[in-house]
Amino acid sequence: MIFQNINKPLFVIAILFCLSPWGSPPVALLLGIVLAWTAGNPFKKQSAKATHYLLQASVVGLGFGMNAGSALKAGSEGILFAVCSIAGTLLLGYLLGKVFKTDRKTSYLIASGTAICGGSAIAAVSPVIKAEEKQISVALGVVFILNSAALFLFPAIGHLLGLSQQQFGLWSAIAIHDTSSVVGAAGSYGAKALEVATTVKLARALWIIPVAFLSAMAFKTKDAKVKIPYFIGLFVLAMLANTYLPVVQLAAPYIVTAAKAGLTLTLFLIGCSLSREVLLALGVKPFVQGVLLWVAISVAALLAVISFG
């Protein structure tokens with residue numbers, strides 16, 4: 001690889017660019033993909049860990065820019081959509097897995113990631129059902145590729161259809177897999193869309209807990225340990241602090257700015273994970289299943305949001 005000797009400097013330069021005023025979530029994601037396909041990611045293991053913690057810290061930071069009252073209203077309006085879409089996605093994922101004869105655990109992980117919150121859901125469910133490394137990798141690859149496409153497609157579709165901030169925020173929270181791209185897409189659409197999308201998506205992420213327990217029952221797994229997303233509690237505390245503590249409100253704009261930069265960097269690291277090797281390892285059937293499942297939930301959610309949102 002012609003860039004092999006300079007991949008580390010390129011990686012550092014790319015990070016600095018993402019953190020600069022010219023960096024944005026879509027550009028950072030695209031830059032990460034380009035780097036993965038050319039120079040490669042010289043820090044694969046470190047990037048995977050950093051992505052996990054950086055995303056959580058960034059989401060908590062965004063909480064300092066939100067009002068608890070309006071966020072609660074937005075979250076409560078999205079509960080019905082969340083319940084129906086999660087149940088419908090898991091059921092459709094099961095049926096598509098049967099049609100394509102996809103490996104059972106791989107199929108379930110793809111459905112879980114599509115239904116709840118992408119990579120976070122897959123990471124939480126995989127140890128519960130005793131999934132193997134290859135099954136996890138395939139599911140993550142499918143979800144991350146579609147998640148990346150959503151970051152570019154959803155804002156364009158939203159503007160084309162003339163969706164309101166409320167409608168787009170709700171739609172993106174339901175139909176985009178990962179929290180990173182939900183926040184990135186909604187943030188580019190508008191402040192209100194960002195508030196609605198982040199709140200609904202995190203409320204949706206709490207469904208990891210009951211789905212993980214049901215997964216253990218469905219796969220008859222003994223001694224299953226369910227990971228609880230504690231960072232969502234910190235997000236709520238950040239919102240409350242920003243709403244009721246004037247001293248926090250003074251620092252809030254700076255914290256939110258830092259959080260948005262962290263989110264941009266997170267998407268760059270996600271892009272760096274989408275290498276040729278990842279794409280080649282997916283397989284046609286899991287990918288087609290993931291695409292059909294994603295299109296189905298996206299269209300259904302869009303129609304629901306336009307009709308009732």
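**Chatting through the fold**

A: Let me start with helix α14: there is a kink of about 45 degrees at A252, shortly before the proline P253. Keep in mind that this is a predicted model.

Q: Thanks! How far apart are the end C-alpha atoms of α14?
A: They are 40 Å apart. The helix covers residues 246-272, and at 1.5 Å a residue its 27 residues should span 39 Å, so the two values agree.

Q: What does T264 touch, leaving out residues up to four places away in sequence?
A: T264 is in helix α14, and it touches C18, G23, S24, P25 and A28.

Q: And is T264 buried or exposed?
A: T264 is buried, because its relative accessibility is 5% and the cut-off for buried is under 20%.

Q: Okay, zooming out. How many helices and strands are in the protein chain?
A: There are 16 helices and 0 strands. The radius of gyration is 19 Å, close to the 19 Å from the globule rule for 309 residues, so the chain is as compact as a globular protein of that length.

Q: What does the C-alpha trace span along its principal axes?
A: About 55 × 50 × 45 Å.

Q: What share of the residues is buried?
A: Buried residues come to 51% of the 309. As for the accessible surface, it is about 14600 Å², with 72% belonging to carbon and sulfur atoms.

Q: And the contacts between residues at least 6 apart in sequence: what percentage join residues at least 24 apart?
A: That would be 82%.

Q: Switching to rings: how many aromatic pairs does the structure hold?
A: It holds 7. One of them is Y108 with F219, an edge-to-face pair at 5.1 Å centre to centre with 65 degrees between the planes. Y108 lies in helix α6 and F219 in the loop between α12 and α13, so this pair ties together parts that are 111 residues apart in sequence. F219 is buried, with a relative accessible area of 15%.

Q: How do F154 and W171 pair up?
A: They are stacked, 4.0 Å centre to centre and 20 degrees between the planes. F154 sits in helix α8 and W171 in helix α9, 17 residues apart.

Q: Are those two buried or exposed?
A: F154 is buried at 3% relative accessible area, and W171 is buried at 2%.

Q: Nice. Which residues do ring pairs link into a cluster?
A: F154, F168, W171, Y189 and W294.

Key
Residues numbered from 1 in each chain as written. Predicted model: local features only at pLDDT ≥ 70, side-chain atom pairs only at ≥ 80, totals over all residues. Heavy atoms only, no water. Helix = DSSP H or I, 4+ residues; strand = E, 2+ residues; numbered from the N terminus. Expected span 1.5 Å × (residues − 1). Bend = angle between axes of the 7 residues up to and from the residue. Rg over C-alpha atoms; globule rule 2.2 N^0.38 Å. Buried < 20%, exposed > 50% of the residue type's maximum accessible area, 1.4 Å probe, protein only. Contact = heavy atoms within 4.5 Å. Areas by Shrake-Rupley, 256 points an atom, 1.4 Å probe, with all protein chains shown as cover. Phe/Tyr/Trp six-rings, centres within 6.5 Å; stacked < 30°, edge-to-face > 60°.
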